[in-house]
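The sequence and the structure come next.

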Amino acid sequence: MSAATRIARRTAQLLAAGLAAAVLAGCERPPVTAIQNGFRGTGMEQVNNPRIDRVTVAMNQAPTPSDPASPDGPKAAQIYKNVPLLGHLSVAEFARTMLSITAWVAPTEGCAYCHVGDNYADDSKYTKTVASRMIQMTQQINANWKPHVADTGVTCFTCHRGQAVPRQVWYAPQDRKYAANSLMGDLAGQNLAAPSVGLSSLPFDPFTPYLLQDKPIRVNGDEALKFTGAAANRHTTKQAEHTYALMMHMSSSLGVNCTLCHNTRAFQSWEEAPPQRGTAWHGIRRVRDINNDYLVPLTKTFPPNRLGPLGDVAKVNCATCHQGVNKPLLGAQMAKHYPELQSAKKPMAVADGLPPPLAEAARSVLYFAVGSAVLDGEQVRGMSLLIATMGSTPTAKATISGYHSTSGELAVNQELAKQRAMTVRDVLLTAGVVPERVVLEKPISAEANLAGEDPAARRVEVTVK
């Protein structure tokens with residue numbers, strides 16, 4: 001064999017080896033394990049890679065809960081100033097909760113991450129405003145989203161894992177630098193090999209249409225080759241690809257195959273689907289609720305360096321909680337050790353001295369304690385007539401206006417007025433009023449330069465038309 005022939009053969013072997021390596025680069029080397037979760041021959045199985053699993057399990061270990069604190073003794077609201085959310089806890093319970101949240105969210109920065117060092121009652125740091133709203137969000141998830149979180153619940157650690165900003169968040173994607181007049185044309189959000197869709201060619205932003213907006217996810221028809229009447233399906237391939245992009249995100253976020261939620265025989269069938277599909281349905285809506293009710297309203301609270309390239313706030317998706325496993329923290333029930341994060345309780349002695357609520361058929365006025373966005377006692381009962389009116393007049397809309405003091409920092413006052421208005425809005429929604437019938441107006445400065453000590457500067461007015 002001549003030298004030229006040997007060189008040519010060797011070159012061909014190297015090229016073949018390189019091509020094989022390139023092809024296999026997207027594969028996982030064996031061994032892998034497969035667990036059957038359906039009838040044989042249907043492909044209903046979960047495939048796992050033990051090497052990846054070891055890393056994922058290590059990343060999803062829940063911290064040991066701190067020892068319970070005594071409920072005896074004075075309450076936090078009687079000792080400290082400006083503790084509207086957790087003032088009902090004893091001083092010992094309050095300290096335990098604050099230390100736990102610090103360890104979960106800002107272990108390096110400590111209490112100073114949210115608080116002004118010499119005045120913990122000061123609300124001037126944006127992180128304190130955000131933290132207060134996140135505590136309310138956690139309570140709301142644990143109390144009202146049982147179909148998704150069940151009794152496992154969530155805590156701040158579920159998302160944060162010791163980081164001030166959760167590792168898995170998303171922003172609206174930045175436009176391409178040369179999108180206009182590009183030879184690539186309109187990419188329709190595809191072919192950029194984004195991690196959000198498993199480096200596939202699918203649309204790389206499945207979050208905006210489905211986890212922020214309420215676009216229809218199910219796009220396949222119920223009957224094959226029938227395009228008339230009730231079975232007509234006008235959805236396009238482009239819409240279907242966005243749906244698949246969301247499914248790719250969910251699959252990778254939970255570390256599962258499609259068969260965790262779908263039956264391979266009939267992907268669209270709810271009757272034949274595993275129960276996890278119902279859990280996922282509620283999960284999508286829970287994420288949408290978090291983004292729209294708790295995170296997007298805080299956009300102006302954050303400084304510019306904490307916003308995305310288009311000026312939007314960081315938002316959550318499935319990976320924020322799950323981080324590679326189908327049950328966050330492998331199902332560890334952290335929330336049961338922190339009952340104060342499972343539901344909002346009545347604050348202790350912070351609502352005394354408020355005037356009775358005004359309850360009329362077409363107008364309600366509700367009052368809040370200093371620094372509080374929680375409706376308490378008689379103020380809650382003051383909404384009963386309003387709820388009854390909304391139920392008896394299904395075409396009426398409720399307009400909610402939050403008033404704030406002119407004294408103090410304007411941005412803080414406006415944010416608190418907005419949170420109070422959102423609290424009233426949440427009560428209406430919980431009572432069954434559809435979101436389209438509830439209108440939130442911008443915070444309004446209380447008339448006559450009322451200071452924050454005057455209840456009229458801490459009110460929410462609701463008019464029904």
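## Strand S5 and its parallel partners

In this predicted model, strand S5 and strand S6, residues 438-440, pair in the parallel sense, with three bridges between them. Thr399 has Val439 as its bridge partner in S6.

## The antiparallel side of S5

Strand S8 covers residues 459-464 and runs antiparallel to S5, to which five bridges join it. Within this pairing, Ala398 stands opposite Val464 of S8.

## Burial along S5

Are the residues of S5 mostly covered or mostly open? S5 spans residues 398-404 and is mostly covered, as seven of its seven residues are buried.

In a regular strand, side chains alternate between the two faces of the sheet. In S5, Ala398, Ile400, Gly402 and His404 point one way. Thr399, Ser401 and Tyr403 point the other way, and the residues of both sets are buried.

## Strand S4 between S3 and S8

Which strands pair with S4? Strand S3, residues 358-359, runs antiparallel to S4 and is joined to it by two bridges. Ala359 has Ser364 of S4 as its bridge partner. S3 and S4 form a hairpin, with three residues between the two strands.

S4 also runs antiparallel to S8, and five bridges join them. In this pairing Tyr367 stands opposite Arg459 of S8. S8 therefore has bridges both to S4 and to S5, in the antiparallel sense each time. S4 itself, residues 363-367, is mostly covered: four of its five residues are buried.

## Pro31 in a loop

Where does Pro31 sit? Pro31 lies in the loop that comes between helix H1, residues 3-24, and strand S1, residues 33-36. Its relative accessible area is 55%, so Pro31 is exposed, the cut-off for this being over 50%.

Pro31 is in contact with Pro50 and Arg51, once its neighbours within four places in sequence are left aside. Pro50 is 19 residues from Pro31 in sequence, and the C-alpha to C-alpha distance between the two is 7.9 Å.

Note on methods: Residues are numbered from 1 along each chain as its sequence is written. This is a predicted model: local features need pLDDT of at least 70, side-chain atom pairs count only at pLDDT 80 or more; totals for chains, interfaces and linings use all residues. Side-chain values use heavy atoms; hydrogens and water are left out. Buried means under 20% relative accessible area, exposed over 50%, partly exposed in between (1.4 Å probe, protein chains only). Contact means heavy atoms within 4.5 Å.
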